[in-house]
Amino acid sequence: MNYIEHIGKYFLMLSQVFRKPQKWRVFYESLFKEIEELGLKSLGIIMFISFFIGGVIALQTALNLESPFIPKSLIGFAAKRSVILEFAPTFCSIILAGKVGSYITSSIGTMRVTEQIDALEVMGINSLNHLVFPKILATLFFYPFLIALAMALGIFGGWIAGVFSGLFSGVDYVTGIQTDFNPFLITYAIIKTLVFAFLIATVPSYHGYYVKGGSIAVGKASTQSVVWTTILIVIANYLLTQMLLT
Amino acid sequence: MIEVNNLHKGFGGVQVLKGISTSFEPGKTSLIIGQSGSGKTVFLKSLIGLQTPEQGTIAFDGRINTEFTTEQKRQWRQEIGMVFQGSALFDSQTVEENVMFPLKMFTNESQKEMLERVNFVLNRVNLENSNSKLPAELSGGMQKRVAIARAIVMNPKYLFCDEPNSGLDPQTAIVIDNLIQEITEEYKITTVINTHDMNSVMEIGEKIIFLKNGIKAWEGSKKDIFKTDNEAVVDFVYSSNLFKKIRSVNFNEN
């Protein structure tokens, strides 16, 4: 199947997804379950990686600024910018594309090959709306919080790394963080996060929903979905940066 | 009553169903038999609306399903119960949640009322005290019984079963067959079963339709099937060594 056909099929899928849920009570149950599966269960990995990557960014910046004419506060400034602009929204979203994307594809794909989706359809349920819509809302609702937490922990990790390594002082780092603070950068990061969250929920759902075959096909679809979600995140990142920051 | 008229369906230029016409009566168990690849599953999926026919009509009590509006289609779906070959239970949900799911989606009953109904149908399929188990914790036969309970929980008018005995031992298969037949008679459901299990044919086949290469090659009762001269049916029925031996014994006795 060519790419144009896939894109068309993806948008046709979305047209079925964005419908009024057939039963709000069931929808809310699914939504809370998805928030737990796709959001809360990703907290640990995101917190862990953010903290250490923030530390590494601060250390790398400190090690590359050897000139006495450059103020040490620049380390905090650079770490803040790197974490808020790119690391937290983009890097964390790519991690989530791997973790959550493969989960979504394999769970929906398994439902497809074991006829659970057919069972929903026979009951008269819009299976795309029932399975995918709660996932989209869960990621759109929860990922901004997750990314905000990643920003905070990344910056905190940088401060801890500096203090423990002795490469820069905590005061210099905090001064750098407070220097030239532009609130729009947070807005920019949140906008990016929302777009990436949408991709993380829908692209793997597409790969899972239309899988054909058995367990091997589900495995292949999982891999493909992670690859395509990552590619689309990188492209969307470039386009959004061009649109919002230039 | 379900009336099928001149049903055609193909995939990628290959005709799978070639003009099938038949009918299924309420309160009776009808069996669709035939070899693998004969079009049984496509026929069943066309009946339940998972495949759209290229030509021909399927009428449910006079209502043609391809002419339904969205709302009519939703109503009609609620009249259908389906038991899939692999049971198709939602593996993240317990037995109770699986059976309660259609009630949650389509009724406004309270939790207590739904639970009463769930316990009633689970009791009907002899599955008491399994409410909190997950499908993975059940045997194949128990999974089939949960699937039957889920299929009948909405009091369907039509029950469809795709290979309900596949993967089951002969004794459990008979239990499932009898259960389906009892439910069919008790609730006056129109039941259509897709199978290639000759034991099922002998147990519950009130009406049998034999498909071969997408064509209805034969139609009759379980008594007729052992007397027919139709070569394709004879080949299929006596493909089992057991049935061959029974036949030769009968011939010798006669």
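Two strands pair if DSSP finds at least two bridges between them. With that in hand, here are some close-ups of this predicted model.

**View 1. The open sheet of chain B.** Six strands of chain B, in the order β6-β7-β8-β3-β9-β10, make up an open sheet with mixed pairing. Its edges are β6 and β10 (215–220) of chain B, each of which pairs on one side only. Direction ignored, neighbouring strands of the sheet are turned by 20° against each other on average. As a reminder, strands of a sheet pair through backbone hydrogen bonds, either parallel or antiparallel.

**View 2. Strand β6 of chain B and its partner β7.** Strand β7 of chain B, residues 158–162, runs parallel to β6(B) and is joined to it by four bridges. To find your place between the two strands, look for B:Val83, whose bridge partner in β7(B) is B:Cys161.

View 3. B:Thr29 of chain B has B:Thr191 opposite it in β8(B). Helix α5 of chain B (residues 140–152) packs on the sheet, where it touches β6 and β7 of chain B. The direction of this helix makes about 170° with that of β6(B).

**View 4. Where chain A meets chain B.** Now for the two chains together: 14 residues of chain A are in contact with 14 residues of chain B. On the chain A side, α2 (24–39) and α5 (116–122) of chain A each supply at least two of the touching residues. The largest share, five residues, comes from α5(A). Sorted by class, this side of chain A has five nonpolar, four polar and five charged residues.

**View 5. Confidence along chain B.** Over chain B the mean pLDDT is 87, with 94% of the residues reaching 70 or more. The model as a whole scores ipTM 0.85 and pTM 0.87.

Terms used. Residues are numbered from 1 along each chain as its sequence is written. Chains are lettered from A and ligands numbered from 1 in the order in which they are written. This is a predicted model: local features need pLDDT of at least 70, side-chain atom pairs count only at pLDDT 80 or more; totals for chains, interfaces and linings use all residues. Two residues are in contact if their C-beta atoms, placed from the backbone, lie within 7 Å. Ala, Val, Leu, Ile, Met, Phe, Trp, Tyr, Cys and Pro count as nonpolar, Asp, Glu, Lys and Arg as charged, and the others, Gly among them, as polar. pLDDT is the predictor's confidence in each residue, from 0 to 100. Axes are lines fitted to C-alpha atoms, for helices over the stretch in contact, and angles run from 0 to 180 degrees between N-to-C directions.
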